[in-house]
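Welcome! Let's take a friendly walk through the packing and the charged pairs of this protein.

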Amino acid sequence: MPDIVRVLVLGGGYGGVEAAKVLEKQLGRRRDVQITLIDRNSSHILMTELHEVAGGRVEPESVQISYRKLFGARKVDVVMDTIRTVDFQKREAVSQGARYPYDYLVLAAGAEPEDYGIPGIRQHAFTLWSLQDALRLRRHLEDTYRRAAAEPDPQKRLEMLTFVIAGAGFTGVELAGELMDQRVLMCRHHHLDEREVRIVVVEALDAVIPNLPQKLQLKARRYLEKRGVEFMLRSPIIGAQPDRVLLKGGASIQTRTFVWTAGVQGCEFAANLSITKGKCSNRRCSIALTGGTCGNKGCTFLDGQYVEGKRGRLLVNEYMQSPDYANVYVAGDVAWYLEGKRVIPQIVETAVQTGATAAHNIAAEINGGEMKSFKSNYHGIMVSLGTYSAVAHVMGISLSSIFAMAVKHMINVVHLFTVAGVNQVWEYLKHEFLDIRDQRSFIGGFVAYKIRGYWPLLLRLWLGFMWVVEATNKITEGWLDFSDGKSKTGWMFSKGVVQAGVKGAEAVSAASAVSSAAGAAGAASAAADATSAASSAAGAAGAASAAADATSAASAAVSTGAAAGGSAAGAAGAGTAAVSGASAASGAAAGAASAAHGAVAAHGPWLDTTKNILDPNWGLVTWFRGWFMDGIFSHIHFAWFQVIIVMTELLVGLALFGGLFTWWGAVISLGLCVIFTLSGMFAWNQLWFFFAAILMLGGAGRAFGLDSWVVPFFKRWWNGTWLARRSRFYADEPTK
């Protein structure tokens, strides 16, 4: 074993990325192992979402995940280069200007479209097998609608507005759905008649998406046909010309847009390697082990040996090893393996699982572990039918419409989380829902509409000002004056709980005073209610006056109790007086009601906004008070606790007012609102604090705020830190 074991992964598709991830997980702690991934691009491409880019639903960046994001601080070196060939004898991958030595090699070069040798396909058809393909098709579609709008000749305009897709498999049907939705927008924008647009799917077989159960096939076909998509089944394509698609039987379709999605094969890079390829059954092959096409166009067999054409998939054993070289493994679409009586399909799940198997077995060889055989575990098939619908067969369950679309998005989210973490999940949600245009999401545009940053400016200033007012009021109330050694926050804790730094006797006295004051306040409130009732009774002026006198007496009693220094005795006296006043007021109100002889008694307000949102004695409040306030914050010295509250309110207010770290200020503001609410002291008329803070989370500090300069600076700094790269928790793109 050499001093440094070099593991080289060629290709950054689904199989290559999975192989690199598993290798890093199992070998990343070893200093004598070097893992390198080489790809011609700087990003991993989500191939299953290319139709959305081609149809203009999402932007190109939505299907790109940079390798920096994928691997971050992990022990995987990423090199951008184009490998021309592999020298298996010297154990080197060779590019135009460099040679990369290896001890173990993973070939995950991917696949290419299969044209089956049909004349004119390569020259005159668009494909959809790379981001470049999707962008080229997207530009062509947009330009075609623009030119059609200016074309006066109806026949030429019909040719321009006829879009032909070859293949009714996954890609063909998904692209047809996107073109179906794009048609509406393009015709509206260019003032074209939608009835002039034809979307035609041509298929040699007699089924749409034949991998799905027949019921789902029919649902998909009917859904698309109802929205104007035409299907021409049992119509093999025999050739293509610049403006024409030729069909078997002599028929043809005039079109300026012909997209080929009728199959994939191995790639030219793999076919040119001096390594054993998989067998196939193509039109000119005389011997075959399996049915279907494996990507070896024009292959023939001579004297029991086979000779490959220009395309190929690489033969592997159950460990994903090449039979020629034990240190060469194959993963993804380029692998050819006979599982049972079927060649493994060229789909995402196969790529991921073969990549994981190859990586595990390389790690087993290096670590001295046990190798494992490949065993497929396919969960299902999902096919989108444009923006608003889909069909899926997942784990034996057939789904359609919005349910299938929801499952598709959920599985994409799970995949992205396992591959690139929560940051990429957030990016996906933004591209698919939050930043979507023209309501092209299955939930419409309900979460996509945004407000300009200057509209909530005044609300941000007011919210910040009110937090400063709250802090200032507490300062004037003596929250920062600790000379008397008494806590101002005892009401936030359960009765009998002593805050750190508060003497026991003072704590008991404070608790009793609070309890008595609460009783007095309740009595005064009852008196006020009686006054309201009495005042509202028709013709009860005298009763109202009596009730008002009673209330005044109760208030005086309370004031007297308070003037007594907050002692328990004073508070109790106030409570007694208040109760007497309330009783008198109640009697007066009763007399007024009787004297009114049928007058309608007035009711109080539907919602008293001065009352607390939650009752202090409610179960949730007492639970929160016991677990969090009593269990955690009571152990903090009361002086420090009061300083923390005041300074937090002050800093949050200043931050919101100045638009500095507005997002964090809003989060802390929400936290304070939750704590105060669950403590049973937040009133209904203070609830606006909560909703205003939610609005501030949307970047309100960028409008006339310091965040316009500060946030970009800190994003760049954070994205370059080791912690961000290790956790893959980035703000936008990594900087290192």
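## Nonpolar packing

In this predicted model, Val-86 touches Leu-10, Glu-92, Ala-93, Tyr-102, Leu-105, Leu-107, Phe-269 and Leu-273, leaving aside residues up to four places away in sequence. Val-86 also stands out in the largest nonpolar core, which has 108 residues: together with Leu-10, Leu-105 and Leu-107, Val-86 touches the most other members.

There is a second, separate core as well, made of 27 residues, among them Ala-471, Trp-479, Val-621 and Leu-672.

Glu-92, one of the contacts of Val-86, forms a salt bridge with Arg-99, with the closest N and O atoms 2.6 Å apart. Glu-92 is buried, at a relative accessible area of 18%, while Arg-99 is partly exposed at 43%.

Arg-157 and Glu-196 meet through their side chains in a salt bridge, 3.1 Å from N to O. Arg-157 sits in helix 6 (residues 154-160), and Glu-196 in the loop between helix 7 (170-190) and strand 13 (198-202), so the pair links distant parts of the chain, 39 residues apart. Arg-157 counts as buried at 16% relative accessibility, whereas Glu-196 is partly exposed at 25%.

Lys-474 and Glu-649 form another salt bridge (3.4 Å, N to O). Because Lys-474 lies in helix 13 (residues 457-476) and Glu-649 in helix 18 (residues 638-658), this pair ties together parts that are 175 residues apart in sequence. Both Lys-474 and Glu-649 are buried.

How many salt bridges does the count come to? The count is 26. A network of salt bridges links Glu-52, Arg-57, Glu-178, Glu-432 and Arg-440.

Technical notes: Residues numbered from 1 in each chain as written. Predicted model: local features only at pLDDT ≥ 70, side-chain atom pairs only at ≥ 80, totals over all residues. Heavy atoms only, no water. Core = buried A, V, L, I, M, F, W, Y, C linked by side-chain atoms within 4.5 Å. Buried < 20%, exposed > 50% of the residue type's maximum accessible area, 1.4 Å probe, protein only. Contact = heavy atoms within 4.5 Å. Salt bridge = Lys/Arg side-chain N within 4 Å of Asp/Glu carboxyl O. Helix = DSSP H or I, 4+ residues; strand = E, 2+ residues; numbered from the N terminus.
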